[in-house]
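Reader: I'd like to go through the labels used for aromatic rings and their surroundings. Could you show me what we're looking at?

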Amino acid sequence: MRTRLTSARPKTALVAAAGLLAGVLTTLTSATNAVAAVPTGFTDTAVISGLSSPTNAVFAPDGRVFVSEKSGLVKTFDSLADTTATITADLRTQTQDFWDRGLLGLALDPAYPTRPYLYVLYTYDAVPGGTAPQWGDQCPTPPGATDQGCVVTGRLSRLTVGTDGVATGGEQVLLTDWCQQYPSHSIGTVAFGPDGDLYVGGGDGASFNFADWGQRGNPCADPPSPAGVNLAPPDARGGALRSQSPRRPAGEPVTLDGTITRVDPDTGATQIVAYGLRNQFRFAFRPGTSEIWAGDVGWNTWEEINRITNVSDATVENFGWPCYEGTGRQSGYDGANLTMCESLYSVGQTAPYYAYNHSASVASGDGCPTGGSSIAGVAFETTSNYPAAYDGALFFADSSRGCIWAMRRGADGLPNPATIVPFVTGVNAPVQVLTGPGGDLYYVALGAGQLRRVSYPAGTNQAPTAVATANPTSGTAPLTVQFTGSGSTDPEGGALTYAWDLDGDGAYDDSTAANPSYTYLTQASVTARLRVTDPGGLTGTASVVITVGNPPSNSPVVTIDNPTASTQWSVGQTVPFAGRAADAQDGTLPASALSWQLTLQHCTSSTNCHAHNVQSWDGIASGSFVAPDHEYPSFLDLTLRATDSDGNTTAQTVRLNPRTVALTFTSSPSGARLVVGTVEQVTPFTRTVIVGSNNSVSAPSPQRLTFGLRFRFSSWSDGGAQSHNIIAPATATTYRANFRLCLC
């Protein structure tokens, strides 16, 4: 018997769409939907909805659609018209769903169903050599998510899928690697190459707050010291430098962090084909070639698209991270005079095929926000009926900007960066783009919980038009409503199939009749939806609102008692929270009706922020969290959501600003170049940071200063090494780097 899933507990999201909440206290009354714009002549429709933080979709030759959710669930839909998922596998126990970690990669054997295998790539909730679950979907303090980090690994496994869509026989573990200290830059894509091998990618697992060479406990036992011993320049080879591990001295361990690796799909044997990557979350093969095109998420300046010209070639490409970002040296690591980087500078990196700056538009006039950026999808046009201008185009997405672009093919047959045009804009966190039935582009909108399809109806098949009516549309409970969907039409006259969401839960699983009836027993305002599907798989949707009684007055009233909007936090501070909710019908709601979400908003301006969901709590009225570390400007949103017995939901959000402090950097002599975090500046200068934040600082040496003479670093005023970390104090502080004249 097939197990059907109708609902799932809320889980932490990978990234949310860019945006800043207007005001200190915001009340939310409905879930966010994907609202996107496409070029004239195209249509953008949801083909699967009601998912919980989806991360991947793959299409099977028999019409099935496999979908992974970040929590660790794999679901199967019998077709694009199927409205109820089969649970293929439940990997939630061994998957850590925390910040940017989770089940992030999914691939189907190209010989399916002869080889009935599904491959999953997820954050394995265990320390190296350990057994899951180690932490659960959280990171306690200590060790602290952004302090010492909750160390985990990555895992690639094979599942055997039965004819009923359910995995049997457990998971066959092919590979466990990718030691990761901090809660981002986890694993990403698993995909089959034209040679029949698997290709997998995983990030560096290093800090996103400071230049990380292994100075915070070195839990991954990176050389030259054992685990637990902090590393220091110039010989440190840990942290982000794990991405350069293939260049370590002979005899030292080579990790898969920051690599794209070939994996035998039966034995798990590995061979690195590229390295020097920070977080190559998504990559794809260009059809008809052995080329990999990988999107590498940058730090604070550059997003990259990197091209591996031939995975079968003996040359192993090095794209330079962390010594390089984009085409230039990365100041935070360059300034530390690390031997691993200095030796690379003498030979250079493999430059990105294309890179875009966080502060710049990808395509002029695309309307996409700038600032926060996370390249999160790569796919090529193959057999679509799109206009000829899109033939062979490279599509790529940015989950922070909420946009998908097309890089059209040039005269040499390769994607041409000079021809980039916007393709889909206003997407709620796109985290995968892929081609599917009909050759159309599909994309996974994590924030909307949807798989969506971009079609060009001017071809042989056009999307149907859904028409939904109801009689009556309002009345007292119990209220029986007759729905009519038979007025829906298909331009080609094809037979339509019907799927209704009559209870308003987002799942089209209540009826497949053209004209169903439904009885509402309790007061509510319900949006009933109809989805019609034509023989070619194209869909159309329509909706009608049914009002039973007068539910708005009975929606929960949510109150966050603590913390208040005046609360200011510092990194590592324990912040208690408490709240309540009540409505006229139910009275005071129980704790089981409440859920909380903590979100970190990272801003590049007063109006441009992107969100990282940090942690969620279900079924509690009070609790506490430890404030995380992050680059300033940033703030925290704490949301309390309440659902009453009728299913009415209301939420309230309080914005929590951090305590900040001004750190001034000087030098003797003045005018020296110093590096704080990712940026190099000439003294004197001042930085605003969050109290308690961890900041890497370096004094490049030697430098030409007074009268052009050469000076060598001698000391810092705080007694730290030439490259070291400082914890931001509560009061304004000046740090001075001292240099002495040298004959060098």
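Author: Let's start with the ring rule: rings of Phe, Tyr and Trp (its six-membered ring) pair if their centres lie within 6.5 Å, with planes under 30 degrees apart counting as stacked, over 60 as edge-to-face and the rest as tilted. By that rule there are 36 aromatic pairs. This is a predicted model, so local features need pLDDT of at least 70 and side-chain atom pairs count only at pLDDT 80 or more, while totals for chains, interfaces and linings use all residues. Residues are numbered from 1 along each chain as its sequence is written, and side-chain values use heavy atoms, with hydrogens and water left out.

Reader: What makes Tyr324 and Tyr345 an aromatic pair, and of which kind?

Author: Their centres are 5.4 Å apart, with 80° between the planes, so the pair passes the distance limit and counts as edge-to-face. The pair links distant parts of the chain, 21 residues apart: Tyr324 is in strand β20 (residues 324–325) and Tyr345 in helix α3 (residues 339–345). Helices (H or I, at least four residues) and strands (E, at least two) are DSSP runs, numbered from the N terminus.

Reader: How do you know whether Tyr324 is buried or exposed?

Author: Buried means under 20% relative accessible area, exposed over 50%, partly exposed in between (1.4 Å probe, protein chains only). Tyr324 has 8% relative accessibility, so Tyr324 is buried. Tyr345, at 10%, counts as buried too.

Reader: Why is the pair of Phe665 and Phe685 called stacked?

Author: The ring centres are 5.4 Å apart and the planes are at 25°, so Phe665 and Phe685 are stacked. Phe665 belongs to strand β46 (residues 660–668) and Phe685 to strand β49 (residues 685–690), 20 residues apart. With 1% relative accessibility, Phe665 is buried, and Phe685 is buried at 6%.

Reader: What makes you say a charge sits over the ring of Phe635?

Author: The test is NZ of Lys or CZ of Arg within 6 Å of the ring centre and within 35 degrees of the ring normal. The charged end of Arg655 sits over the Phe635 ring, 3.7 Å from its centre. Arg531 does likewise over Tyr508, at 4.7 Å.

Reader: And Asp44, why is it called buried?

Author: Its relative accessible area is 15%, so Asp44 counts as buried. Asp44 lies in strand β3 (residues 43–48).
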